[in-house]
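Here is my note on the model you sent. Please read it with the coordinates open.

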Amino acid sequence: AVTLTEKTDGTDELASQTVVTNEEGKAVFTNFVEEEKSYTLHVAPVVGYEDYQDEEVTINPGEVEKTVLLTALKEVAITGTVKDENGRPYRGATVTLSGYSQDSTTTDRKGEYSLIGYEGQKYTLPITGGEKYTTVTKEIDALDEVTGSVEDVALVVKTFSITSSVTGENGSISLSPDADNEGKYSYGEN
């Protein structure tokens with residue numbers, strides 16, 4: 001959205017219009033008097049472009065068009081590979097991009113994914129592999145060509161508990177599994 005606000009001589013009443021750009025990227029304002037006046041031009045933030053600083057513009061009699069150029073942010077590919085607890089590529093993990101812009105994809109048969117972000121922006125990348133795994137989250141503080149290549153992500157198996165009891169003449173023993181960081185379980189006495 002683009003807002004054009006008439007600058008006044010100190011009165012509280014301001015003539016202002018806000019319009020949305022059309023398919024050609026033009027904001028068309030109507031019903032402005034054709035006389036030399038000063039306005040403040042405000043362009044709302046647009047994903048993929050640098051923020052536009054409010055600008056004072058003067059519209060002279062007979063002028064019908066003012067051009068404002070927005071600077072595009074550089075797109076950067078965010079890529080990586082998701083692996084299971086055994087180090088094998090994991091197909092079907094959901095990788096979600098959230099932050100400055102949003103996107104989502106699913107890993108392919110090689111465990112690979114690719115999303116598009118914008119240079120200099122901050123993102124969070126939650127990666128989920130289904131009910132068996134916990135969500136792994138990667139943070140990207142300022143996206144650039146280097147941070148766009150995310151190191152391999154190893155999914156982590158959710159921990160769970162299995163308890164069994166054995167009762168004999170001398171009492172009972174209860175066994176519970178403990179998972180290590182590789183998702184392997186060992187049993188010990190409780």
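The points below go from the whole chain to the sheet, the cores and the charged pairs.

1. Ground rules. This is a predicted model, in which local features need pLDDT of at least 70, side-chain atom pairs count only at pLDDT 80 or more, and totals for chains, interfaces and linings use all residues. Residues are numbered from 1 along each chain as its sequence is written, and side-chain values use heavy atoms, with hydrogens and water left out.

2. Overall make-up. The protein chain has 16 strands and zero helices. Both are DSSP runs numbered from the N terminus: helices are H or I of at least four residues, strands E of at least two. Of its 190 residues, 26% count as buried (under 20% relative accessible area; exposed is over 50%, partly exposed in between; 1.4 Å probe, protein chains only). Take contacts between residues at least 6 apart in sequence: 45% join residues at least 24 apart (a contact is heavy atoms within 4.5 Å).

3. A three-stranded sheet. The order is S8-S5-S12, the sheet is open, and the pairing is mixed. Strands pair if DSSP finds at least two bridges between them. S8 (112–118) and S12 (153–154) are the edge strands, each pairing on one side only. S5 (residues 75–83) and S8 run antiparallel, joined by seven bridges.

4. Nonpolar cores. The largest has 22 residues; Ile 78, Val 82, Val 95, Tyr 113, Leu 125, Ile 127 and Val 150 touch the most other members. S5, S6 (94–99), S8, S9 (123–128) and S11 (136–140) each give two or more residues to this core. Another core, of seven residues, lies apart from it and includes Leu 4, Tyr 39, Val 43 and Val 57. A core here is a set of buried Ala, Val, Leu, Ile, Met, Phe, Trp, Tyr and Cys residues joined through side-chain atoms within 4.5 Å.

5. Salt bridges. How many does a search of the whole structure find? It finds three (a side-chain nitrogen of Lys or Arg within 4 Å of a carboxyl oxygen of Asp or Glu). Lys 83 meets Asp 152 at 3.2 Å, N to O. That pair links S5 to the loop between S11 and S12, 69 residues apart.

6. The other two pairs. Glu 85 and Lys 132 have their closest N and O atoms 3.0 Å apart. They join the S5–S6 loop to the loop between S9 and S10 (133–134), 47 residues apart. Asp 84 pairs with Arg 88 at 3.4 Å. Asp 84 is buried, at 9% relative accessible area, whereas Arg 88 is partly exposed at 48%.
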